[in-house]
Structure formats: C-alpha cells, structure tokens
Amino acid sequence: MSRTILITGVSGALARVVTELLSPNNEIVGVDVRPLPPGRPFEGEFHCVRYTQRKMTEIFRRHKPEVVIHLGRIRGSQVHSSSYRYNQNVLGTRNLLDLSLKNGAKRVVVMSTYHVYGAHQHNHVGITEDHPLRASQIFPQLADAVELDHAATSCLWRYRRMGTVVLRPCNIVGPSLNNMMSRLLRARAVPRLLGYDPMMQLLHERDAARAISLAVESERWGIYNVAGEGAVPWSKAIKLAGARPAPIPHFMAYPLVGSLSALNLLFPTHLMDYFRYATVISDKAFRDDFGY
C-alpha cells in the first residue's frame, strides 16, 4: 500500500540510499536545510527549508505524511556554529515531532547516534539502550545530539498513539557517504593515536538504510542501537580499508586535530576520545525485534 513518507536530510548520501529503497512503493516528500547537490535527481517533491520555519507547517498540512523519517541531524563536522546546530537539531526536531502529532502521522523514525553514550575509559563492552547518555557531560559540543535524542525519546513515551522508533547507529560508512569515518578510511594514511587501538563498529550505508526501512515497516516502537557484525580494532579497520596508519603522539594530537578541524580538513576535536576509548554497543534488541 502506497504511503506518503516525509524524509529530512535528503541532501545527504544516506537519505538518498533510503529514498531509493522506499520510493518505488511510496510517495516521498524530501526536506533539507541544504539544497540538493547539483545534478542529483530526487524521487519525489523536495523542499529546501529550515526545520524551525513556518513553511514546515505548510508542508505537513499539504502532504499529511503517514510516516516521518528524521535523518537531518546536523553534525559538528558540517557546521561549526553551535547555536545553529542547536536550533536545527533540538528546536527543529521538536517542531517536526509536534507537526507529526498534529497532522496524524502514524510512525516516526528518528536517527540519533551512538555518540550520545560518550567515549570513556570505563565503558563496558556491549552498551545497551538503557545506558546513561553521558556524552554531553564529557563533551559539551555533543549537547545538541543528546538533546535531540531526549526530545525523540520523550515523544516516544508520551504519545504512544504515534509509533516512534529512535535509532542509535554506530559509525556508518560507505562509498557514497562523505561523513568523517568514511573520509578517514578512504585516505591513504589514517591517523592513529600512539598507545591506543580501540575496538570499532562499522555499519555499511546499505545496511543502515535497510535498518531504517525495517523500522518504517514494523509496528514495533522503542529505542534501538544498530551496528554491523562484530567489532575490530581501529588498526585492523585501517588495514581492511587498504590504508596505512599514521601514528600521532597523544600530546600532539589534540592541537593538530583542532587546527585541521577549524579548516574543515578533519573531524571536530571532541570526537578524538572515540579513537582512544572503545564505545561498543549491543544491537541485540534490534536484531531480535526486527529480524535484522
């Protein structure tokens, strides 16, 4: 049965994969704060609009989407303005959830991130969904990601008539993605902190898209971690990607990464600890409940 599905963040590569997967049997409405990349076709109707703008109300009122997929979280590696990220990630997400409720959406899927758990030397292996979200205590720069997650989980528990699924995926990588982890593993030389080799989890873009599709099609609701099969040391991931490690002494790494991050040449400094300490999640609940 054909449905109207509203997808945010459609200028991004992951949303493109999701759209390709869902568009054959559904009417797709795409929204993003960014314009579509030049020359990229879109399988549906596209709107370039901020999630906090009044135009979002008009889009919901006109299309009445039965399903809303929120993939539009803005990352620190994309925009350095913390106030802009907060407005779009937190206030924008709350607005999208309110509009979904008011316009009768039956299902909402919100893409969060495993980063909300925080990277810490005392993290245990196999973090489950009830683990406290400590990222903002350790890294204030991740406060907007944690609050986005809180907004979605609050909606999940308060409004049971709208089936809400919050996904917390590990590092998503793939040939079409331009995110931090994909760029790192495509490089010839990949930085590795001397004395550290944390376990990493990686999820292919196609598997991430399939997980989102399963969340859309199911009647289950809740908070779910999503990961690939197993975990590998960072040094092994670099080797599997066909790159070579570039060892960096710990005392040099933070100022170096800070300088390169300011020039948009590398990831933000607050993500450094994820290359020091393992943050390994368990996605057993998602596999059991969704047959993933």
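Predicted model: local features only at pLDDT ≥ 70, side-chain atom pairs only at ≥ 80, totals over all residues.

Visitor: Why is L71 called buried?

Guide: The relative accessibility of L71 is 11%, and buried means under 20%; L71 therefore counts as buried. This residue lies in the loop between β4 (67-70) and α3.

Visitor: Which residues does L71 touch, apart from those up to four places away in sequence?

Guide: L71 touches I7, T8, G9, A15, V18, M111 and I212.

Visitor: What makes helices α2 and α3 roughly parallel or roughly antiparallel?

Guide: The axes of α2 (residues 55-63) and α3 (residues 82-102) cross at roughly 30°. Angles under 35 degrees count as roughly parallel, and α2 and α3 are therefore roughly parallel to each other. Their axes come within 10 Å, and the crossing of α2 past α3 is right-handed.

Visitor: Which residues meet where α2 and α3 are in contact?

Guide: From α2 there are M56, T57 and F60, which meet N95, L96, L99 and S100 of α3. Among the residues of this contact, four are nonpolar, three are polar and none is charged.

Visitor: Which residues of the largest nonpolar core touch the most other members?

Guide: That core has 60 residues, and I7, V18, I69, L167 and W234 touch the most other members. Neighbours within four places in sequence aside, W234 is in contact with residues including M181, L184, P198 and F275. A second, separate core has 27 residues, among them V49, I59, L101 and M162.

Methods:
Residues numbered from 1 in each chain as written. Heavy atoms only, no water. Core = buried A, V, L, I, M, F, W, Y, C linked by side-chain atoms within 4.5 Å. Buried < 20%, exposed > 50% of the residue type's maximum accessible area, 1.4 Å probe, protein only. Contact = heavy atoms within 4.5 Å. Axes fitted to C-alpha atoms, helices over the stretch in contact; angles between N-to-C directions. Helix = DSSP H or I, 4+ residues; strand = E, 2+ residues; numbered from the N terminus. Parallel < 35°, antiparallel > 145°, perpendicular 65-115°, else oblique. Left-handed = near helix turned anticlockwise from the far one by under 90°. Nonpolar A, V, L, I, M, F, W, Y, C, P; charged D, E, K, R; others polar.
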